[in-house]
Amino acid sequence: MLAEIRGLNEECGVFGIWGHQDASQITYYGLHSLQHRGQEGTGMVVTDGKKLKGIKGEGLVTEIFTADAMKDLEGKAAIGHVRYATAGGGGYENVQPLLFNSQSGSLALCHNGNLVNATALKHQLEGQGSIFQTSSDTEVLAHLIKRAGFSSLKDRVKNALSMIKGAYAFLIMTETELMVALDPNGMRPLSLGKIGDAYAVASETCAFDVVGAEFIRDILPGELLIIDDNGFRSEMFAMASNIAMCTMEYVYFSRPDSNINGINVHTARKNLGKQLALEVPIEGDVVTGVPDSSISVAIGYAEASGIPYEMGLIKNRYVGRTFIQPSQSLREQGVKMKLSPVRGVVEGKRVIMVDDSIVRGTTSRRIVTMLKEAGATEVHVLISSPPIKNPCFYGIDTSTKEELIAGNHSVEEIREIIGADTLTFLSAEGMVKAIGRKDGQCLACFTGQYPTEIYPSTLHPYEKV
């Protein structure tokens, strides 16, 4: 479903390119393809080899990067960012990339993920005299880099990265080089591509398809990639350990045309639907998916069950940005504006409604109600993931258990709350099997078993990137 109306939001997406005369234009298209990862703010920093220049703002890519604004963004390299603002984390100052100027040179950086020890590091740095200009975790890395006692930037970056914990995909750019880093657990997707002689990096491979880049490989957990005019070189700043790619990247966040660690997201979601059909054989007349992330799952379920797939819900793609807001008071109205049931499909039918997850339950309740008001005789809700019972501290805006309906209610209680005739979640074992990763994946929001240490300060609301 749409993040802005369902209450589960990925924090951001990053894109970068080095060695192309049209770096800013390519970054624009790359960010546009990643817009689903964040709609609240976007920014870009460009280098011509001598200085860094950037623009950013609160809004969509097409709103911030106007023709007039892009005229001043000429250079051979660029990094960009799209962002979703969590409660208390909005504001122009928090929009990335963050740009820092000093006598020793400029530095721009952007980040996908969340640092679980950010609060502790901020206290430590402030005690040493640092003054923070934002409430973003990303700024912590800049201060750590600046304070590291090494002569080369590479060594300062490696030292700073060794001090932070959590999920992160960082892009760090100076006048003369671009550095790319992925956390040792590999919790966020990040890939390397090539356009002619230029190198590009992106949160999702769909960005490469849009800009005409060839996929080279995924960035490795614990890897620091350094790209400059001589090409790229790779070093490990930490040993990869306890690999734990975020499962929700496959289930919900990523675009279906992206590949994560060699697995196509659409194919993974179809397999989730097929696994649902094995685990949950339900008698029904039509199968429908909640747009957009659950369409692939519904198709897989329909193929495996033999029950026809129909477009029982239509998404209105022309609602203005007024409704792309992360406030609870607007979510229910957002559902009404964004989704409409197709009466001709669901009237008089037993509808099997497939969705990727239930977070707070507000959206699911409204959709079930809409389907029944449109004449569905039964609505059976199938979820292609287990119940989300635990908060995420790695870059998803569910930081407390109290806001999660499955953290406080049984499956039967949730069924009653949303008004479904039946409600079934996919098993954790079935989900892992269907996705088919060879390496590990993070299941913390389902199981409560976190792949990293969780610091006491992390257990309270804080700014997320």
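**Figure 1. The second largest pocket of the predicted model has a volume of about 420 Å³.** Among the 18 residues that line the second largest pocket, Ser102, Ser104, Gly105, Leu107 and Lys146 are the closest to its centre. Two helices, H6 (138-147) and H7 (153-161), each supply at least two residues of the lining. The most comes from H6, which gives five residues. Sorted by class, the lining of this pocket holds nine polar, five nonpolar and four charged residues. Rolling a probe the size of a water molecule over the atoms shows where empty space is left.

**Figure 2. Seven strands form an open antiparallel sheet.** The strands follow the order S3-S2-S4-S1-S10-S9-S11. Strand S3 (52-57) and strand S11 (214-218) are at the edges and have a single partner strand each, so one side of each is left without a neighbour in the sheet. On average, and with direction ignored, neighbouring strands of this sheet are turned by 15° against each other. Strands of a sheet pair through backbone hydrogen bonds, either parallel or antiparallel.

**Figure 3. Strand S1 (residues 12-18) runs antiparallel to strand S4 (residues 77-83).** Seven bridges join S1 to S4. Glycine 16 has isoleucine 79 of S4 as its bridge partner. Helix H2 (residues 23-33) packs on the sheet and touches S1, S4, strand S2 (41-47) and strand S9 (191-195). The direction of H2 makes about 25° with that of S4.

**Figure 4. An open sheet of four strands has parallel pairing.** Its strand order is S17-S20-S21-S22. At the edges stand S17 and strand S22 (422-425); each has a single partner strand, so one side of each is left without a neighbour in the sheet. Neighbouring strands of this sheet are turned by 20° against each other on average, direction ignored. S17 is joined by four bridges to strand S20 (residues 350-355), and the two run parallel. Threonine 288 stands opposite methionine 353 in S20.

**Figure 5. Two peptide bonds are shown in the cis form, one ending at proline 97 and one at aspartate 292.** Between glutamine 96 and proline 97 the peptide bond has an omega near 5°. Proline 97 is in the loop between S4 and strand S5 (98-100). From proline 291 to aspartate 292 the bond has an omega near 0°. Aspartate 292 lies in the loop that runs between strand S17 (286-289) and helix H11 (295-305). Most residues other than glycine have a negative phi, and most peptide bonds are trans.

**Figure 6. Asparagine 242 and asparagine 261 have a positive phi.** For asparagine 242 the phi is near 50°. Asparagine 242 is found in the loop between strand S13 (231-236) and strand S14 (245-246). Asparagine 261, also not a glycine, has a phi of about 55°. Its place is the loop between strand S15 (259-260) and strand S16 (263-264).

Figure 7. For the chain, the mean pLDDT is 91, and 90% of the residues reach 70 or more.

Methods. Residues numbered from 1 in each chain as written. Predicted model: local features only at pLDDT ≥ 70, side-chain atom pairs only at ≥ 80, totals over all residues. Heavy atoms only, no water. pLDDT = per-residue confidence, 0-100. 1 Å grid on protein atoms, 1.4 Å probe; cavity = no way out; pocket = protein on both sides within 12 Å on 5 of 7 lines; lining within 4 Å. Points joined across faces, edges and corners; volume = space filled by probe spheres on them. Nonpolar A, V, L, I, M, F, W, Y, C, P; charged D, E, K, R; others polar. Pairing = 2+ DSSP bridges. Axes fitted to C-alpha atoms, helices over the stretch in contact; angles between N-to-C directions. Contact = heavy atoms within 4.5 Å.
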